[in-house]
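Work through the following exercises with the sequence and the model open side by side. Each task is followed by a solution in steps.

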Amino acid sequence: MLYLTADRFPVFVPFGIIGFYRYLWFLIRVAASQTYRPIPLPINPTYVASEDVTIIVPTIDAGEEFKEAARSWLKGKPKEIVIITEEKMLGPLQELANSVDPSRVRVLTVPFANKRLQMVHGIRNTTTDIIVFADDDAIWPPTMLPYILACFEDQKVGGVGTSQRVQPVGKSMTVWEVLAAFRLSIRNIEISASTHIDGGVPCLSGRTAAYRTIILKDPEFIHGFTNDFWLGKYHLNSGDDKFLTRWMVGHGWNTYIQCCPEAELLSTMKPNWRFLLQVLRWTRNTWRSDLRSLFMERHVWSRHPYCTYTMIDKLFNPLTLLVGPCLVAYLCVKSTRPGGYHLPIWKILLSYAAWLTVTRTLKLVPHLWKRPQDIIHVPAFIAFGYYFAIMKIYALFTLHEVGWGTRAGIGNATEALAALDAQNARQAQDEKTGDARRYDPEAAQYAAPGSTRR
């Protein structure tokens, strides 16, 4: 890089400082991640999965992959699994539940697809001390629940998350799945480092996260969870895990990440271009949640200063990432002018490509150590990084888009609430005739716009 800037070195010192800063903090994260240790299993545990754990699974389209996931959960011996789905999916999901374990897998319904209200219905039908939310395709190791419960020995811990890896949909990973795997490997380093440094984490991922039931049954939580509006008018359905994490921080609860093989889940990702829609939804959720945490709620500043730094860093990350291509473009234009630059275009581009390849590969070493065959996808990861930077800026200006993005029939909370209102009259009639439906009519009172109930 010194060779690239040999003629006017001082001009490019600021860009070198940016690069030094970013990789210094990357090394700090790696060092913190390496010194992080998961909480060990207690000799005499306070919580036992068979008595104290209910697994809640909000879903609308679980298929055969659910059987593998549910069987992996049952190896941890939870008290029960509660599936919450929409009414029209009751039959297929009841068949799935019966094929797994009808005595420990229960299916409840809501009249429409709305993840947050499905979760609330599950919460209201839980009697155990610990609730674990899980995606319908999350595959656990048998030791998952004991290691999650170990964190709750500390009575100040309200929520627990885990590390993740990608489970390919087919026999081998597509390039999209490899990109997701790269991201998860980096995320595992980031969350273990953040947990080790100050105990904070930007998000307890909804793919699998555990909470104390007493927190979630609080009417104030239910009201806030189902009345979550962006800018006061865009009703949010996704971003439930972000809301839960902020609630823990804002109400004095600690969180912990069990980042170890004994508590590492496997999860599928979109194996095609629709993965980009997932990333777009996650990015919008991150913008909305981080802006709230940093500038509206502000609890994270005093409780988790390092976590606060990572959030601020992510705000500016797209700009710093795009500085490199802008600089290279400037050098290329300059090299075409007489006496303008000391290197031809091909040397500039080759040097920059070599720099990117080396530095990005270093970031992926933890992943490539386990899957060296994925090194062929490093160029795709580099290209995705620049796409992501542009997409992140686009997401910032489209935060009013609150749809799910990858699933039809879910994500419009306003329509979902309207559907629930239409069901209330039928619910009252069903109760009179002894044919009570298996959804929660109280959710409407907490979710209806303008409701004051707490």
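**Exercise 1. Contacts and overall make-up**

Task: For the protein chain, find what share of the contacts with a separation of 6 or more comes from residues 24 or more positions apart.

Solution. Keep the contacts with a separation of 6 or more; residues 24 or more positions apart account for 80% of them. Note that this is a predicted model. Next, assign the secondary structure, which comes to 18 helices and 10 strands. Then turn to burial: of the 454 residues in the chain, 54% are buried. Last, take the accessible surface, about 20,500 Å², of which carbon and sulfur atoms hold 62%.

**Exercise 2. The largest cavity**

Task: Search the whole structure for cavities of 30 Å³ or more, then state which residues lie nearest the centre of the largest cavity and which elements line it.

Solution. 
1. The search returns five cavities.
2. The largest cavity has a volume of about 100 Å³.
3. Its lining consists of 14 residues, with Arg 246, Val 249, Ser 293, Val 300 and Met 311 nearest the centre.
4. Two or more lining residues come from each of α10 (240-250), α11 (275-297), α12 (299-303) and α13 (305-335).
5. The largest share, four residues, belongs to α10.
6. By class, the lining has six nonpolar, five polar and three charged residues.

**Exercise 3. The second largest cavity**

Task: Describe the second largest cavity by volume, lining and residue class.

Solution. 
1. The volume is about 70 Å³.
2. There are 14 lining residues, and Lys 115, Met 119, Phe 133, Gly 206 and Asp 240 lie nearest the centre.
3. The elements that each give two or more residues are α5 (115-124), β4 (130-134), β6 (208-212) and α10.
4. Here α10 gives the largest share, three residues; α10 also gives the largest share of the lining of the largest cavity.

Definitions and conventions
Residues numbered from 1 in each chain as written. Predicted model: local features only at pLDDT ≥ 70, side-chain atom pairs only at ≥ 80, totals over all residues. Heavy atoms only, no water. Buried < 20%, exposed > 50% of the residue type's maximum accessible area, 1.4 Å probe, protein only. Contact = heavy atoms within 4.5 Å. Areas by Shrake-Rupley, 256 points an atom, 1.4 Å probe, with all protein chains shown as cover. 1 Å grid on protein atoms, 1.4 Å probe; cavity = no way out; pocket = protein on both sides within 12 Å on 5 of 7 lines; lining within 4 Å. Points joined across faces, edges and corners; volume = space filled by probe spheres on them. Nonpolar A, V, L, I, M, F, W, Y, C, P; charged D, E, K, R; others polar.
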